Amino acid sequence: MTPAQTWWRTAVVYQVWPRSFADSGGDGVGDIRGVIDHLDHLADLGVDAVWLSPVYPSPGVDGGYDVSDYQDVDPLFGSLADLDGLIAGLHERGMRLVMDMVLNHTSDQHPWFSEHPAFYVFRDQPANDWSSVFSGPAWEARDARYYLHTFAREQPDLDWENPAVRTKIHDLLGWWLERGVDGFRFDVISMVSKDLEHGTPLGFGPRLHEFLHEVHGVTGEVMTVGEMPGVTVEQADLVTDPARDELDMVFTFEHVGLDQGVTKWDHRPLHLPVLKACMARWQAMPHGWNSLYWSNHDQPRSVSRFGDDGQHRVASAKALATTLHLHRGTPFVYQGEELGMTNAHFAALKDYRDVESLRYADEAREQGQESDAILEALGRTSRDNARTPMLWNDGPQRGFTTGEPWIPLPVSTVPGAAEQRTDPSSVLAHYRALIALRHSEPAVAHGDFRLLLGEDVRLWAFTRTYEDQTLLVVANWSVDTIEPDLDQTGELLLGPPGTTLGPWESRVVRTG
Ligand code: TEU
């Protein structure tokens, strides 16, 4: 593959969840023109591409992941002309656009659902006892039959076994490529091949590779990343093996499931050696390529979840970033992560907006759970934590809108982007330096990974080796001051000088 075909191997991608990124119109909801108004923030950060979460027409049951028209823009976010303006604005700055394609399901308001029932998974009776990801059964009655909805009942699953569906999807992808997009993020793409009799809602059915290869025939050499809840390293290595022409990378959920019990709401303590070993296993993929993330619009804020959003917020946000960005793969920065934004810390259920949060609260209450326990679980794990408005400055509504935000601002003293931009000690400055390091040091993108001191419960240490270069990465994931039992002699590339690591401090050294 030529360098032009693999630009994403040395790139950093920034995820915009448009509803909460920037509101240009004053209606309290983020929009495409708001993204255009902040492209210089992204260029200053140094990212190479933007993954834009859905802006298509949608009833908004699931934050836009219930699409009612794949070839238009919801007026809430603007127009197709605005989107063309965003593509031009990104390209002018040497950045690319990765569109989010939700192809496992549509909105029940998509014309296909009433005009082409054969496009969906209808049966005379529920074919299995699957539950929806958003609580309740995954089969819904309609017109004397039942249809499958892996997510909300307003999100009927498409039937990819129907060739007409796949043709429609291939045409859609071609249409967006014609508009100039540079890649696709495929929502729950592992679910499009289903085994209704013996499988699970996660998919991975018998025709997945076939369907992915077909899609690759349309997308060609643009970047593709597929979201695959439940994917194993072995499956990911197959799917992202360049020789197979399927996907370029996947989003795994293994590392963001380690602190969860039977459900995401059952928290369990995270043992650092377990997380380190998990990430190391993914680094050992012999053929494929990794995406790297801690945060996105579905995950709680990483500094609250894995770091310390109190006294050591800045240091831990930097340590999390250094640890992730020095792994082998393509890092994804979620909006606000570059500022060290924290969970929402909402005090009342009325502040929550996400369908998953509200359905969980209803179900938990029906099961007799106390409100305090429900609020605690939401406060720790809900997707709303990642969906509070971006903090652009320290002014009214933190610069997100001149109106009333659609969701409350986070309870936060985190300085806004404007304040951090001129502060060399800010989290923002650290992300800028990490991204610059990836662009300047081939070992960051291409180096072989080796985990060190895997059993240490406070220190995360590893090397990256490429040709004659070796980088040593040491990160203190604790509030103690530690002296790693490692030779840190060399050129300091990032982090504090010396050999000790204060609470949550991290550093990168070129040792060889
Ligand atoms: O997420 C798929 C998915 O598995 C997540 O919903 C995850 O399981 C859940 O958020 C755990 O809290 C994708 C989108 O990223 C998500 O926003 C959508 O809600 C979902 O698919 C349906 O399109």
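This is a predicted model: local features need pLDDT of at least 70, side-chain atom pairs count only at pLDDT 80 or more; totals for chains, interfaces and linings use all residues.
Which residue of β14 does Trp460 stand opposite?

Residues are numbered from 1 along each chain as its sequence is written, and side-chain values use heavy atoms, with hydrogens and water left out.

Trp460 stands opposite Ala475 in β14. Strand β13 (residues 459-466) runs antiparallel to β14 (residues 469-476), and 8 bridges join the two. Strands here are DSSP runs of E with at least two residues, and helices are runs of H or I with at least four, numbered from the N terminus. Two strands count as paired if DSSP finds at least two bridges between them.

Both strands belong to an open sheet of 5 strands, ordered β12-β13-β14-β16-β15, with antiparallel pairing. Its edge strands, β12 (448-452) and β15 (491-494), each pair on one side only.

I turn now to a pair of helices. The axes of α5 (residues 163-178) and α6 (residues 208-219) come within 9 Å and cross at roughly 35°. These axes are lines fitted to C-alpha atoms over the stretch in contact, and angles run from 0 to 180 degrees between N-to-C directions. Contact means heavy atoms within 4.5 Å. On the α5 side, the contact residues include Arg166, His170 and Leu173; on the α6 side, they include Glu210, Phe211 and Glu214.

What classes of residue make up this contact? It has 5 nonpolar, 3 polar and 3 charged residues. Ala, Val, Leu, Ile, Met, Phe, Trp, Tyr, Cys and Pro count as nonpolar, Asp, Glu, Lys and Arg as charged, and the others, Gly among them, as polar.
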